[in-house]
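Subject: Structure handover

Hello,

Please read the notes with the model open beside them.

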Amino acid sequence: MENHSTNSMIDVLTPIWERVLQQSPIGVEDNFFDLGGDSFLAVSLFNEIARESGRELPPVIIYQASTIAALAKVLEQRTIQRFPALVLLKAGTEAPAIFITHGMGGNVMDFYKVVKYIRSSHAIYGMQAKGIDGVDEPLESIEDMAQFFLDAIKQLQPQGPYLLIGYSLGGLVALEMAQRLTEKGERVAMLAMLESYPHRNCMQYRQRLRLIMRLARHHAATLIRLPPREALSYILHPAERLVYISRDGIGSARNQPPLGAAYTAAMQRMRDSGYRALKSYRPRFYPGTIKFVRAAISLRFPDDPESIWGDLAETFDVETVPGDHTGIITNYYETLSAVLSRFLQEVFGQR
């Protein structure tokens, strides 16, 4: 396929986009995300591209090549470029920048819609995990992830104040970053953790027991509806189960990967390493304020996040957003964006 012209590659890609996005016609300069694409649909898109072209590429490429024309040019290249640790998600005219990191096995494209609706004149950067491009091996601990991102951020912004937002596993990474910055005398103006919890091994016995029983019922119901191959992956890879947890009560398929969607080897390594990092991490007391956003519907986490974090922060503020763990960024992104916008306004209003 590498010898085909760009026009030939466009001819291959166009019907794939139309099938995955269920729209026709799609222009070569139409943006994947503006057409309703998300991280789960990107997986389906690149699965089909692999079948048609023989090229297996990391779905996160869609953020850097989000049109058919741009993706056609990428497919003509023989090798994949190493992805940067920081990706500009939204341009801004004021300093300091806002840094946001994704959840386990995720990537910056998870936040395309959230970032779009954040009302701020400050630039927003996504922190992109090492190894998502398949070039490098993923990091195995929250501490290493935090330092990896801090090294990149320091090159862009040597001094505070720092504005950190972390979703799910990324919230723990943002917390560790805030700890390290604070210990060095830097100012963390905002630490926002979105649906972010330590592994249940850190929880009290009664909390763990309730969650284990709740999850056991969910796992049984999920395995019944999965094809055999996916069911086996679900059993063998604990991180894989986290993708299927989401149910926001409105029956939206966008809260789950499509049945039959296969994840690349790099994506699977990211999930597995992320799960190991989560399991081994033990949060320390944070001498500052945590702005916490919880989902209204909870399955694998305690209903009250303060029971986990209340004694681990000097100040702990909680906001509730409709939806479940995944639904807050896939279905209720406008509500989440409004909450984050208010957090930012409060920070800058104090300056």
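**Cores**

The largest nonpolar core holds 61 residues, and Trp17, Ile62 and Leu71 have the most contacts inside it. Please keep in mind that this is a predicted model. Once neighbours within four places in sequence are set aside, Leu71 is in contact with Leu13, Trp17, Phe46, Ile49, Ile61, Ile62 and Ala65. Another core lies apart from that one; it has 43 residues, and Leu86, Val173, Leu278 and Phe292 are among them. As background, nonpolar side chains in soluble globular proteins tend to be buried together.

**Overall make-up**

The protein has 14 helices and seven strands. Of its 351 residues, 57% count as buried. Among contacts with a separation of 6 or more, 76% are between residues 24 or more positions apart. Ser8 belongs to helix 1 (residues 6-21) and is partly exposed, at a relative accessible area of 28%.

The seven strands make an open sheet with mixed pairing, in the order 1-3-2-4-5-6-7. Strand 1 (86-90) and strand 7 (313-321) are the edge strands; each has a single partner strand, so one side of each is left without a neighbour in the sheet. From one strand to the next, the twist averages 25°.

Some of the pairings in detail:

- Strand 2 (residues 94-101) and strand 4 (residues 162-167) run parallel and are joined by four bridges. Ile100 has Ile165 in strand 4 as its bridge partner.
- Strand 5 and strand 6 are paired in the parallel sense, with three bridges. Here the bridge partner of Ala192 is Lys291, in strand 6.
- Strand 6 and strand 7 also pair in the parallel sense, over eight bridges. Opposite Arg294 stands Thr320, in strand 7.

Strand 6 is mostly covered, with eight of its 10 residues buried.

**Helix 7 and its surroundings**

Two packed helices are described by the angle between their axes and the distance between the axes. For helix 6 (residues 142-156) and helix 7 (residues 169-183), the angle is about 65° and the axes are 9 Å apart. Their crossing is right-handed. On the helix 6 side the contact is made by Ile142, Glu143, Met145, Ala146, Gln147, Phe149, Leu150, Ile153 and Lys154. Helix 7 contributes Leu169, Leu172, Val173, Glu176, Met177, Arg180 and Leu181. By type, the residues of this contact are 11 nonpolar, one polar and four charged. Val173 is also listed in the core of 43 residues.

Leaving out residues up to four places away in sequence, Gln179 touches Arg284, Phe285, Tyr286 and Pro287.

**Backbone points to check**

Most residues other than glycine have a negative phi, and most peptide bonds are trans.

- Ala95 and Pro96 are joined by a cis peptide bond, with omega about 0°. Pro96 is in strand 2.
- Gly160 to Pro161 is a cis peptide bond as well, with omega near 10°. Pro161 sits in the loop between helix 6 and strand 4.
- Gln22 is not a glycine, yet its phi is positive, about 55°. Gln22 is in the loop between helix 1 and helix 2 (39-53), and at 72% relative accessibility it counts as exposed.
- Ser168, in the loop between strand 4 and helix 7, has a positive phi near 55°. Ser168 is buried, since its relative accessible area is 10% and the cut-off for buried is under 20%.

Regards

Definitions and conventions
Residues numbered from 1 in each chain as written. Predicted model: local features only at pLDDT ≥ 70, side-chain atom pairs only at ≥ 80, totals over all residues. Heavy atoms only, no water. Core = buried A, V, L, I, M, F, W, Y, C linked by side-chain atoms within 4.5 Å. Buried < 20%, exposed > 50% of the residue type's maximum accessible area, 1.4 Å probe, protein only. Contact = heavy atoms within 4.5 Å. Axes fitted to C-alpha atoms, helices over the stretch in contact; angles between N-to-C directions. Helix = DSSP H or I, 4+ residues; strand = E, 2+ residues; numbered from the N terminus. Left-handed = near helix turned anticlockwise from the far one by under 90°. Nonpolar A, V, L, I, M, F, W, Y, C, P; charged D, E, K, R; others polar. Pairing = 2+ DSSP bridges.
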